[in-house]
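Dear colleague,

I am passing on the structure we spoke about, and below it I have set out what was found. Please read the notes with the structure open beside them.

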Amino acid sequence: MGGAVQLTDAMAKELGAARLEIEGARTVADVLRMTRERFAATPGRFEELTRVAAIAVNGVLVQYQRGAKTPVRDGDTVAFVKAAAGG
């Protein structure tokens with residue numbers, strides 16, 4: 001995949017960018033690994049920031065696809081979506 005990863009606001013503040021460009025990913029699992037690597041300077045921070053985030057590929061949550069095995073292709077946008085609660 002050559003495409004964009006849209007970060008949550010908290011992730012963006014941590015890295016100083018709202019989007020990352022990722023090259024070479026074939027699945028959501030690859031995107032997760034490559035994004036986690038960007039947080040290498042602050043171990044554990046990635047897990048902390050993504051604990052309440054869902055992941056979507058082109059606007060469709062991966063839980064409704066193939067989870068971490070969901071394929072990604074050139075031009076796809078993978079987004080970390082902060083979970084929201086309401087009532």
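How many helices and strands are there in the protein chain? Please bear in mind that this is a predicted model; in it, the protein chain has three helices and five strands, which follow one another along the sequence in the pattern β-α-β-α-α-β-β-β. The radius of gyration is 12 Å, close to the 12 Å that the globule rule gives for 87 residues, so the protein chain is as compact as a globular protein of that length. Taken along the principal axes, the box filled by the C-alpha atoms is roughly 35 × 25 × 20 Å.

As for the interior and the surface, 34% of the 87 residues count as buried, while the accessible surface comes to about 5300 Å², with 51% of it belonging to carbon and sulfur atoms. The protein chain carries 12 positive and 10 negative side chains, and the centres of these two sets lie 5 Å apart. Of the contacts between residues at least 6 apart in sequence, 56% join residues at least 24 apart.

I55 has a relative accessible area of 15%, and because buried means under 20%, I55 counts as buried. Leaving aside neighbours within four places in sequence, I55 is in contact with V28, L32, V60, L61, V62, V78, A79 and F80. Between I55 and A4, which are 51 residues apart in sequence, the distance in space is 13 Å, C-alpha to C-alpha.

Definitions and conventions
Residues are numbered from 1 along each chain as its sequence is written. This is a predicted model: local features need pLDDT of at least 70, side-chain atom pairs count only at pLDDT 80 or more; totals for chains, interfaces and linings use all residues. Side-chain values use heavy atoms; hydrogens and water are left out. Helices (H or I, at least four residues) and strands (E, at least two) are DSSP runs, numbered from the N terminus. The radius of gyration is taken over C-alpha atoms; the globule rule is 2.2 Å times the number of residues to the power 0.38. Buried means under 20% relative accessible area, exposed over 50%, partly exposed in between (1.4 Å probe, protein chains only). Contact means heavy atoms within 4.5 Å. Accessible areas come from the Shrake-Rupley method with a 1.4 Å probe; for residues, only the protein chains shown count as cover. Lys and Arg count as positive and Asp and Glu as negative; His and the chain ends are not counted. The place of a charge is taken as NZ of Lys, CZ of Arg, CG of Asp or CD of Glu.
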